[in-house]
Amino acid sequence: MENSEGVKIESTVVTEEPLISALDIALFVVIITVAYFWYFKRDKQSSSSEKKPYTIQPSSLSSIEQTSNSSFIKKLKSTGRSLVVFYGSQTGTAEEFAGRIAKEGARYKMKGMVADPEECDMADLVEMKEIQKSLAIFCIATYGEGDPTDNAMDFYEWLQNGDADLEGLNYAVFGLGNKTYEHYNEIAIYIDQRLEELGATRVHEIGLGDDDANIEDDFVSWKEKLWESVCSHYGIEETGEESNIRQYKLVDCSEVLPERIFSGEISRLKSYENQRFPFDVKNPYLSKIAVNRELHKSGDRSCMHIEFDIDGSKMRYDTGDHVAVYPKNSSELVDKIGELLNADLDAVFSLLNTDEESSKKHPFPCPCTYRTALTYYLDITSNPRTHIMKELIEYASDPKDQEKLKLMASSTPEGKKEFHEWILRDNRNIVHILEDLPSVKPDLDHLCELLPRLQCRYYSISSSPKVYPKSIHITAVLVNYATPTNRVNKGVATNLLAQLIPTNDELPQPTIPIYIRRSQFRLPPKSQTPIIMIGPGTGLAPFRGFIQERDYARKEGREIGEMVLYFGCRKKDEDFIYENELQEYVANGTLTKLHLAFSRDQPEKKYVTHLLEQNADELWNIIGEKSGHLYVCGDARSMAKDVHSIIVKVVMEKGQVTNSQALNYVKKMEQQKRYSADVWS
């Protein structure tokens, strides 16, 4: 009827009808209504898709909360809290320390919360002064070449580029670093100084934790003095309450439908069955193992060359990047915990935060079985920290076991000595502790709450995307070692990888979750720039990618600069990895020089550092006269330090400058990215 009226209107004289007809009005209303619903439905879907699910990085202020309330100040005010503990964490330790501080705040009449700076509007620090007796504590790790952790990067840049007035902000900083690295605790030191420059008040001096020694001891010692300073600054007294308060409560999930139960996914339920791009730390890609072959020719050690298939994943990497591998614990260790605690590992459960205001509802993806939690989510192979010893005391029925735990949990010199010897020196994990203290029978749900999260393992990528765009290669030594208690500890990731052998038949190929982490370890922009690469053992990994990329450029007809490689291993006939490849690159001219050191092929041990000292003229020619780049990859504790000392000595002698000038020269090389290190301890 309306359509016929519409036609009729079109056929009549315009002056005989109103400017806007009833049909026009009706159509206009329909269009507006449709547009309204389309816009808001799209906006709702967009908002929903942008909300992050439960993530691997535990945070008390999730992105879901950030959507509605990104202000941690509002959270503090609405819940009557005065203490916020921010963490910058790459492996989970800083987040764990932050949680322990926030929990202890109750003993000092300071209700606390943990916050991830990546999920907060850190500009709101200026409003902390509005909360009476407020305190902000920062547990900040430094990694790489003095870099902030991924989740602290925005906060770090905000401090660098801003000039906020932080007068009235009370703060304290604890840094997590490693003295084997040149830039020891650089980020924490900067944040501590910068906050003071912006007008904030330091309540307690910065603490510097050294993971190369005993970072747990460093943290506990600093924390005890911190609370003394807090009591003095605010005029408060400790309540004396030492009880172990559970952060999570057990929920029976036996009635939950199977399709709603996590089975090892990092964040999104069924994410491995229904993969979605982009892939990152919170959403890894389930990659097929395309190649897994042994690199060592003989001997009792193993080094694996592994290729991850990324075809169709849309993942891209650059030469020098890292790949993260998500491991799982061995079923043998998991079953052992079930036996020791007489627990049903296949029971479905959930741990729910007792703080109803917290947006971190679970410590790991829940609901799941205990077997899943112990296999995929919890670290059961590392040395437990002292706070776990403290929490286990109540579960010891034997007075001797109880006293031993009390001693190790204490901060007395005797307690620290016992913890260092019995836990760290003897390399006991939670399974060993339960075996050696048989009367200790913790509730399995409480143990799951106490244990830290199982972290992914990072490997230098040993391939170039120019040559292998559809795969990622790594070079990994199988980790197995005997402990003083005559046990054999096995590397979680490498022992898992060793079992993932691809087959030649139609059976499903083995898979493992991975993602790519960007690195600053890069080839010079110009292929003509000469480079020196120093990488003994698996330190060769990223340089294999460098050489592949330069070889690709050479085959394209481009000019490439000198490439000098220093490689060392124990014995030429045992562990000279990629020997044929390297010799071929020497033969075709891509690799200008290959300096080799086989430490055990002669009576006196010979290392790459000895070769560097012998080739001072060559070193200076490339880094001094030709402004070339120098790269170091491998052990940070000794090799990288020795290389640095040798380079300084070469600059001083060949450049005819003082030691101070040589140090400044090398420092400038680092700033210009002409001296880069990819090292581990």
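Me: How many cavities of 30 Å³ or more does a search of the whole structure find?
Reply: This is a predicted model, in which local features need pLDDT of at least 70 and side-chain atom pairs count only at pLDDT 80 or more, while totals for chains, interfaces and linings use all residues. Residues are numbered from 1 along each chain as its sequence is written, and side-chain values use heavy atoms, with hydrogens and water left out. A cavity here is a set of points, on a 1 Å grid over the protein atoms alone, where a 1.4 Å probe fits but cannot get out. In a search of the whole structure, the number of such cavities of 30 Å³ or more is four.

Me: What volume does the largest cavity have?
Reply: Grid points are joined across faces, edges and corners, and a volume is the space filled by probe spheres set on the points. For the largest cavity this volume is about 90 Å³.

Me: Which helices each supply at least two residues of the lining of the largest cavity?
Reply: The lining residues (those with an atom within 4 Å of a point) include Glu 216, Asp 217, Met 408, Ala 409, Lys 416 and Phe 419. They divide into four nonpolar, five polar and three charged, where Ala, Val, Leu, Ile, Met, Phe, Trp, Tyr, Cys and Pro count as nonpolar, Asp, Glu, Lys and Arg as charged, and the others, Gly among them, as polar. Helices (H or I, at least four residues) and strands (E, at least two) are DSSP runs, numbered from the N terminus. The helices that each supply at least two residues of this lining are α8 (215-234), α12 (399-409) and α13 (413-425).

Me: From which domains does the lining of the largest cavity draw at least three residues each?
Reply: The domain bounds come from an automatic or database domain assignment. With these bounds, the lining draws at least three residues from each of domain 1 (72-234) and domain 3 (329-454).

Me: What percentage of the 681 residues in the protein do buried residues make up?
Reply: The protein has 23 helices and 23 strands. Buried means under 20% relative accessible area, exposed over 50%, and partly exposed in between (1.4 Å probe, protein chains only). Of the 681 residues in the protein, the buried share is 52%.

Me: Which residues on the other side of α6 are exposed?
Reply: In helix α6 (residues 153-161), Phe 155, Tyr 156 and Leu 159 are the buried residues. They cover an arc of only 100° around the axis, which puts them on the same side of α6, the arc being that of the directions from the helix axis to the C-beta atoms. In general, an α-helix has 3.6 residues a turn, so residues three or four places apart point the same way. On the other side of α6, the exposed residues are Asp 154 and Asn 161.

Me: Which elements do the buried residues of α6 pack against?
Reply: Contact means heavy atoms within 4.5 Å. The buried residues of α6 pack against β3 (135-143), β4 (147-148) and α7 (186-197).

Me: Which residue, with a positive phi, follows α9?
Reply: Within helix α9 (residues 331-340), Val 334, Ile 337, Gly 338 and Leu 340 are buried, and what covers them includes α10 (370-377), α14 (430-436) and α15 (444-450). Most residues other than glycine have a negative phi, and most peptide bonds are trans. After α9 comes a residue whose phi is positive, near 50°, namely Asn 342.

Me: Where is Pro 278 found?
Reply: The peptide bond from Phe 277 to Pro 278 is cis, with omega near 5°. As for its place in the chain, Pro 278 is found in the loop between β8 (248-252) and β9 (285-294).

Me: Is Lys 314 buried or exposed?
Reply: Lys 314 is not a glycine, yet its phi is positive, about 65°, and this residue is found in the loop between β10 (303-309) and β11 (322-325). Its relative accessible area is 56%, and therefore Lys 314 is exposed.

Me: How many Å separate the C-alpha atoms of Leu 392 and Lys 441?
Reply: Leu 392 is found in helix α11 (residues 386-392) and, at 0% relative accessibility, counts as buried. Leaving aside neighbours within four places in sequence, Leu 392 is in contact with Leu 405, Ile 430, Ile 433, Val 440 and Pro 442. Although Leu 392 and Lys 441 are 49 residues apart along the chain, the separation of their C-alpha atoms is 8.2 Å.

Definitions and conventions:
1 Å grid on protein atoms, 1.4 Å probe; cavity = no way out; pocket = protein on both sides within 12 Å on 5 of 7 lines; lining within 4 Å.
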